[in-house]
Amino acid sequence: MNPLFAGRRRKNLVAMGLSLTATTFGLGWLVLILGSLLWEGFSGLSLAVFTEMTPPPGSAGGLLNAIMGSLLMTGLAVLIGTPIGILAGTYMAEYGRRSRLTSIVRFINDILLSAPSIVIGLFIYEVVVYPMGHFSGWAGAIALAVIVIPVVVRTTEDMLTLVPDSLREAAASIGLPRSLMITRIAYRAAQAGMVTGVLLAIARISGETAPLLFTALNNQFWSSNLNGPMSSLPVVIFQFALSPYKDWQALAWTGALIITFAVLALSITARALATPRKSS
Amino acid sequence: MEPAGRRTVADLALQTDAIGTRPAADRSRVLAKLKFSDLAFHGLTRAAAILVLLLLSGVIISLIIGSWPALSKFGPGFLVSERWNPVTENFGALAPIYGTLVTSFIAMLIAVPVGLMIAMFLTELCPQFLRRPIGIAIELLAGIPSIIYGIWGLFVFAPFLQDSLQPFLISVFGNVPVLSALFEGPPYGIGMLTAGLILAIMVLPFVTSISRDVFSAVPPVLKEAAYGLGCTTWEVARHVVLPYTRVGVIGGIMLGLGRALGETMAVTFVIGNAHKVSASIIAPGTTISATIANEFTEAVGDIYTSSLIALGLILFVITFIVLSFARYLLLRIERRIG
C-alpha cells in the first residue's frame, strides 16, 4: 500500500479512536455521578425522609420542611415568572417581530439566561431582602422567578415563531382580532413547546442553591410563613454536606438523590414533549 | 383555561351568526370591547418585554449601588490587591479573580478538545440510531444541579484525586524546573485543579451540543466533495467541517466559559476557600462566586458586604463580556445557516 495513504489512514484511525474515547469519557462521568448518588443516597431513602423535619445533629429526621420549602418557592417562582415570560415571548414573536425592541430584548434575555445565578441572588438581596430587613421565602421565590423568566421567554418565542403564518392569516380572515388570534390559535398550536419551556424552567430552578443562600436563607423548622426565612432542599444539602456530622452528610446524599432524579425526570419529560413538535 | 369574561366575547367573534343577528348597537359595543382588549393585550406583552430589559438594568444598577462603598473606599486598587481581612476591614479582589480565571482555564483546556471530539463522534461516526440517546445522555450532564457536582466532588472525586492523580503529578513534575511550581505542596484533594476538573465536566455538554449543532449544519455537498477527493473522515473534519463552523464553535466555547466563570456551588465545595494567590494549581484557592457564597451571610459591617457585592459586580462584568461575545458569534453563524 502507498505509504502516504497508510500514514493518513493511521492518523484517521487514531483520531476516530480518540473521539470514541472522548464519548466514553463523557458518558462515564454521567454513570459515575449517578452511580455514586444511588450508592450513597439510596440506603437513606425511607418514609421518614418525607415525613420528618430536618434533625439536629445526632438524632434521626427527614427532609420534610426542606422539600416543602422547595416546592413552595419553586411553585411561586413559576407562578410569577411564567406569565411574564410568556407575555414577553409573545410580544417578540407576534407583535414586534422586526422591531428594534425585540432584538435588544432577545440579546438581553440570552445574557440573563446564562448569567451567574449567584449574581441574581445578590440582586434580589439588594432590592428585596435589604429593604425588608430580613431573609424571606418571598425573596427566594422572586430570585427563582428571575431565573424562570428568560427560559420561558426563549422557548415561547421560539415555539411561536414555528407556528405557520397561514394559521394566523386564516384567523385574521375570519375577522378574529389579533389578541384572540394569539391566545386561541397561536398559543394552542405552540402549546407543547411552551409547556416544555416551563418544565425546563422548573428543572433549572429546583436545583438552584446559590440564589437561595442569602434570599431565603434556611430554617430548621417547619415554616409556611413566606415572610420568614425558609428552608429548601438545595440549601439543606449544602449545609449538611459541609457539616462534620456523618448523619447530616447521609441526609445530604439522600436529598441529592431526590433532587437529581426529579430534575432528570423533568428534563426528559420536557424533551419527550418537545420532540413531536419539532419533527412535524 | 381562559377567564370566563373573555370567553363570551371570543365566542361572539367566532360565531358570525351571533354577531350578525344582534342589533347594530350591540355589535359595535362588542367590537369596541374587542378593540380595547386587543390594545390591552398588546400593551401587556410589550410591558413584559420591557420588564426583561429592566431586569438586566436592575441587576447592573443594584450591584453598582451596593458595591459603591467598597469601590470608593479602596479605589482601583481593589482589583489588584490580595489582602482580604474582615477584622481590619481591608479587602482586595485579586485572589478570587485569579482563582476564577485559573479554574475556568483548566476547565476549558479539558472540555474544549473533549467536547469537540464528542461532537465529531456524534456527527460523523456514531450509528444513526445511537445519535439521539448519546446526545441526550451528554446533555443530561448539563441538567444535573450544580450542588450535586459539589457534593460528589467533595466526597467522591476529591479523595480519589488525593490518593491517585495528585501524588502522581507531584512525583512526576516535582523535579521539572517550571512545572514543579505548578504542582507544589501536599495533595489535599481539594483545590484549584479539582475545581477545574469538575467545571470541565459541567461545561462539556455546552461545548458538545453547540458544536454538534453547527457541525451538522455543514452543507453535505461540501463534505461529499472532500470525500470524493479521497479525504479521510479526520481530514474532512479537520479541513472542511472545522474551518466552516469555526465561528459557531468559538461561540459555543465562550458560552461554556461564561458558565464556568459564574459557577458557584460545585466550586464552593472543592476549592478550599483560601484567599491567596498561589502558583500551584493543587493548592486551595477561591473564586469570586465561592467567596460570595461562603461569606455573604456571615459578613458583618457595610464595607464587608459591599466588598462582596463588588466581587459580584466584577463577576457580572466579566461574564457579560464573555456572553455577549458568544451571542454575537452564534448570531453570525445562525444568520449564515438560516
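Predicted model: local features only at pLDDT ≥ 70, side-chain atom pairs only at ≥ 80, totals over all residues.
1. Residues are numbered from 1 along each chain as its sequence is written, chains are lettered from A and ligands numbered from 1 in the order in which they are written, and side-chain values use heavy atoms, with hydrogens and water left out.

2. Three salt bridges are counted between chain B and chain A, a salt bridge being a side-chain nitrogen of Lys or Arg within 4 Å of a carboxyl oxygen of Asp or Glu. B:Glu139 and A:Arg271 form a salt bridge through their side chains, at 2.9 Å from N to O. Eight residue pairs, both at pLDDT 80 or more, are in polar contact between chain B and chain A. A polar contact is a pair of N or O atoms within 3.5 Å; within protein, one must be able to donate a hydrogen and the other to accept it, and residues adjacent in sequence count only if both atoms are side-chain atoms.

3. Helices (H or I, at least four residues) are DSSP runs, numbered from the N terminus.

4. How far apart are the end C-alpha atoms of helix H1 (residues 3-41) of chain A? They are 56 Å apart, which agrees with the 57 Å that its 39 residues should span at 1.5 Å a residue, since the expected span is 1.5 Å times one less than the number of residues. At the start of H1(A), a side-chain oxygen of A:Asn2 comes to within 2.9 Å of the backbone nitrogen of A:Leu4.

5. B:Ser306 belongs to helix H15 (residues 302-337) of chain B and counts as buried because its relative accessibility is 2%; buried means under 20% relative accessible area, exposed over 50%, partly exposed in between (1.4 Å probe, protein chains only). A polar atom of the B:Ser306 side chain lies 3.5 Å from the backbone oxygen of B:Ser67. Leaving aside residues up to four places away in sequence, B:Ser306 touches B:Gly66, B:Ser67, B:Trp68, B:Pro69 and B:Ala70.

6. Over all chains, the structure holds 13 salt bridges. One of them joins A:Arg154 to A:Asp110, with the closest N and O atoms 3.0 Å apart. This pair links distant parts of the chain, 44 residues apart, with A:Arg154 in helix H6 (residues 137-162) and A:Asp110 in helix H4 (residues 100-114) of chain A. A:Arg154 is partly exposed at 25% relative accessible area, whereas A:Asp110 is buried at 8%.

7. The side chains of A:Arg168 and A:Asp165 also form a salt bridge (2.7 Å, N to O), and both residues lie in helix H7 (residues 165-173) of chain A, three residues apart, about one turn of the helix. An α-helix has 3.6 residues a turn, so residues three or four places apart point the same way.

Notes: Helix = DSSP H or I, 4+ residues; strand = E, 2+ residues; numbered from the N terminus. Contact = heavy atoms within 4.5 Å.
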